[in-house]
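Please keep the sequence and the model in view while reading.

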Amino acid sequence: MPDIIHLLPDSVANQIAAGEVIQRPASAVKEMLENSIDAGAGAVKLIIKDAGKTGIQVIDDGCGMSETDARMCFERHATSKIQKADDLFAIRTMGFRGEALASIAAIAQVELKTRRTEDEVGTLIQIEGSEVVRQETCGCPAGTSVSIRNLFYNVPARRNFLKSNAVETRHIIEEFLRVSLAHPEVFFSLHHDGQEVFHFPKTSLKQRIIHAFGNQYAERLIPVEEDTSILRINGFAGKPGYAKKTRGDQYFFVNRRFIKDPYLNHAVLNAYEELLPDDTYPLYVLMIDIDPGHIDVNVHPTKTEIKFDDEKPLYAILRSAVKRSLGKFNISPSLDFEQDHKLLDFKTETKEIKVPTIQVDPDFNPFKSTEKPRSAEAAFNPGSWEQLYTITRSEQAPQDEPEQLLPSGEEKEDQPVQELRTYQIHNRYILSHIKSGMILIDQQAAHERVLYERYLDELENKQGTSQQNLFPQTVSLSPADFELVRELQDDIRALGFDFREFGKHTLVVEGTPSDIAQGNEEKAFEKLIENYKKNLSLLRLDKRDNLARSLARNASIKAGTRLDQEEMNRLIDELFACKMPRTGISGKPTFITISLEELIKRFERI
Ligand code: ADP
Ligand code: MG
């Protein structure tokens, strides 16, 4: 047998490495922006085309590269940032693995133009699938421009794996925000398909946050500062009253590197204690400076996770720093800043978020035993409310309850039904008796289901009903949300919102869907976007499903709302006209039934 092991050619090895480092256009954006920061740039411009799928360009005014370095930078494990293994524990740069450019060049068409200030001419290199196709001197400004075209052009599996432009753009914006928040002293701009989406002048961290998330944050930020022998913390935490339903506006930077750390995140949330309404998350942007000897940044190919040699004191310091800030600004209920030693033993459980699954039993009919379908339509719609509510004369409920005929259906003459007698319990559930026993409907879940199906329909047919607002409202959005609205605008209009752009990142909302209660128009738009983003991070929904769900949640009758007979009847009517009346949009039931037998059994004397 001949020997069978051989070394892979560099181009293949690079492609394999790219699989880890470059998952989508946003990963390339991250690597390029970080390289510009490492090059000491004072200004960084990011230009993307087609959500980065066909074009990503990063232009900086950093140190540039010599002709030899320009050629070397595409080699694997080629870096100017470390020399020996020990250096890994003294890292102050963003990059150090020397694999980003090699990976990108293996899976895209790359053009590099670079010049150092001291050189008269610059270098141009074109490289495709790891092959240099052109190298020459060129005139160019001092600094570096890397242009990446047709990412994954030679890896169709990866290309097909990319999500919609809206999703890929969001990932890019997220990476852009992470790098630019960490470096407010650097100018950043982002252009997408010819439009400038962000323009961040050199400034302070607070101003950068305001530029990134919108002017409304000027009043919402509380400074957090801490200086200890182990580390330094500075940054801002959002006032709890403005906490949002979306996880996502939470940023930790360790030595200016964005990291994800559920344990530290818990420390911050814990500092807020009961100040936060359930399921809401405050914005925070916190910078931790720590001796690089105490951390290991080389634990993940994309460098978004790091290991601390000892996390516990960090947890305690962070928690008490945030807590003290909240207290200083008279926001914390307790002024006890002592460290809570019990908490030092705490370990977060990172629970996986499960997408609620909806299981439909096509044969479901809670009243099967007592009802036979009386019309073809009813037979096909197991949830048909006529089936639930019809009570034949022979089986009438007590005599004193008035009878009324169903307004429609051919069976109305010979199949009289009793008017729905319904009761609202705790302004939350609707109770009614049905032939087999009783039914308890969750009013909010039921209404969400009704609206969700209606909105899906409207999105399909582009005919949501809109009511004109008496007083058009202006809504200021963060630049990222504004982009999102732009992408979703056709669908948002189809739902019944009538709006136009009005200045920078601001909209005037002139009409809202007719279900939105009067006086609530202002919040409705913001909440729609908020819910949409929340769904986006939790569930993998398609765009329309997400919008319909978000607006349904928003516009539904809430638990705690008093309903009169007519409203209850209408809701029940609408619920059982739904395609899937049983299941709420969260996957929980919209109603439960309790059979007479069960009731009897429960009260049975032994
Ligand atoms: P790493 O950043 O881990 O060193 P990269 O593949 O990202 O690896 O880059 C390789 C090298 O190319 C860097 O170490 C740096 O010397 C050089 N380089 C990359 N981008 C730039 C840039 N924008 N300006 C100057 N030098 C750069
Ligand atoms: Mg790099």
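A residue is called buried when its relative accessible area is under 20%, exposed when that area is over 50%, and partly exposed in between (1.4 Å probe, protein chains only). Helices (H or I, at least four residues) and strands (E, at least two) are DSSP runs, numbered from the N terminus. The model is predicted, so that local features need pLDDT of at least 70 and side-chain atom pairs count only at pLDDT 80 or more, while totals for chains, interfaces and linings use all residues. Residues are numbered from 1 along each chain as its sequence is written, chains are lettered from A and ligands numbered from 1 in the order in which they are written, and side-chain values use heavy atoms, leaving out hydrogens and water.

Helix α8 spans residues 262–272, and because eight of its 11 residues are buried, it is largely enclosed by the rest of the structure. Those buried are Y263, L264, N265, A267, V268, N270, A271 and Y272. They pack (contact: heavy atoms within 4.5 Å) against β10 (231–238), β11 (250–254), β13 (284–290), β15 (307–308) and α9 (311–328). At the start of α8, a side-chain oxygen of D261 comes to within 3.0 Å of the backbone nitrogen of Y263. Just after the helix, E273 has a positive phi of about 45 degrees.

Two strands pair if DSSP finds at least two bridges between them. β1 runs parallel to β7 (residues 187–192), joined by six bridges, and is antiparallel to β2 (residues 55–60), also over six bridges. V44 has F188 as its bridge partner in β7 and stands opposite D60 in β2. Five residues separate the strands in the hairpin of β1 and β2, where D50 adopts a positive phi near 55 degrees.

Note on methods. Polar contact = N/O pair within 3.5 Å; in protein donor to acceptor, adjacent residues only side chain to side chain.
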